[in-house]
Amino acid sequence: MNSLASKDAKVLGETPPSQLIAPMRETALDTSPTEIRQRFADDAYVCLPGFFAKDNVSAVREAVFTRLDEAGEIRGTPANGIYSGTSQRRENIADLGKFWREVSENWSLRRVTHSRALHELCDVLLDEPCIPQDYLFLRAANFGRQTLLHSDSGFFARMTDKVVTVWISFGDIPLHLGPLFVMEKSHQHPRVTDALADFDVARDKDKKASWSETPIELAEQLSSRLLTRHMKPGDIVVFGMHLLHGSLDNVDPGQRIRLSCDIRYQAQSEPRDPRYFGPHPGGTTGVGYGELVGAIPLNEEWHIR
Ligand SMILES: O=C(O)CCC(=O)C(=O)O
């Protein structure tokens, strides 16, 4: 893709100036391992369209949106993922953390996030055998939501830097549904590397992982650009711990919910952060699946980390 319908993009309510937004570079599935590693080394991300088959994605949509339907959050056929405009999650579900854990542990989701294909790709990127974390971040983002600008190292690099994030698109996510963006070459900028040095979001409670500048302000200040694209079902983006990223706003007038998941893979030889591994992972703050934005009813505000 070499152009973007950037007029459809909203970043915290603003339309980004056209010079500050550009398409992500796409990497074809038959690209050689050497070239994939080189692109990852240069850009700190690779985007692989169509990595997962549409049937696998449909099964995840069906499973997740059927559970949201139980919470009164869906209008019409669940797999279409249309927000009802309201929620009875608190009334209908006794334990929101347990609910989100069940949704996150659904087999149709795990067979994608923990698939052989993804293992092999991450082995290539990290140039050694890897393992996926057990804890994963499933996100159902309805109208008005976005993820603020941040990097992942303060969450996942406590034990090792040899970690990558895999972002998976579980649906058709045009720009106005709020896909992921990454900030071009931000991992190389001294302001970013300085800010991330020794920062741990769970220990340094006086600081937030999210930047106080808007993505547009920071892109201007760093002479960078927001790289994004119309994500299709089964597309993935894999990125490194220092790359700044976030999402565009979901401003879909049809109330379609953006469904995606992020999961981390790390080198198998490196120490594992117990917060993210094992049968009962506590997650970043130790609360378990209840701490995720996904566990928040669709008619309530997301927290900021
Ligand atoms: O999907 C999003 O909104 C943000 C994803 C993200 O922050 C991540 O994958 O680390």
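Trainee: Where is I216 found?
Mentor: I216 is found in helix α9; helices here are DSSP runs of H or I with at least four residues, strands are runs of E with at least two, and both are numbered from the N terminus. This is a predicted model, where local features need pLDDT of at least 70, side-chain atom pairs count only at pLDDT 80 or more, and totals for chains, interfaces and linings use all residues. Residues are numbered from 1 along each chain as its sequence is written.

Trainee: What does I216 touch, leaving out residues up to four places away in sequence?
Mentor: V11, E14, P16 and L20. Contact means that the two C-beta atoms, placed from the backbone, lie within 7 Å. I216 and I21 are 195 residues apart in sequence, yet their C-alpha atoms are 9.0 Å apart in space.

Trainee: New topic: how many residues has helix α2?
Mentor: α2 (residues 54–70) has 17 residues and reaches 24 Å from its first C-alpha to its last, close to the 24 Å expected at 1.5 Å a residue; the expected span is 1.5 Å times one less than the number of residues. G72 follows α2, with a positive phi near 75 degrees.

Trainee: Which residues of α2 are buried?
Mentor: V57, V60, V64, F65 and L68. They cover an arc of only 110 degrees around the axis, which puts them on the same side of α2; the arc is that of the directions from the helix axis to the C-beta atoms.

Trainee: What do the buried residues of α2 pack against?
Mentor: They pack against α4 (96–104), α5 (107–113), β4 (137–141) and β10 (258–267). On the α4 side, the buried residues are F99, W100, V103 and S104. Seen down the axis of α4, they fall within an arc of 130 degrees, so they line one face of the helix.

Trainee: What does W100 touch, not counting residues up to four places away in sequence?
Mentor: Y289, G290, L292, G294 and A295. W100 counts as buried, with 24 C-beta neighbours inside 10 Å.

Trainee: Last one: which residues are around the ligand?
Mentor: R139, T147, D152, T165, W167, L180, H245, S247, S260 and D262, each with its C-beta atom, placed from the backbone, within 6 Å of the ligand. The elements giving two or more residues to this shell are β5 (163–169), β9 (245–247) and β10.

Note on methods
Buried ≥ 20, exposed ≤ 12 C-beta atoms within 10 Å, placed from the backbone.
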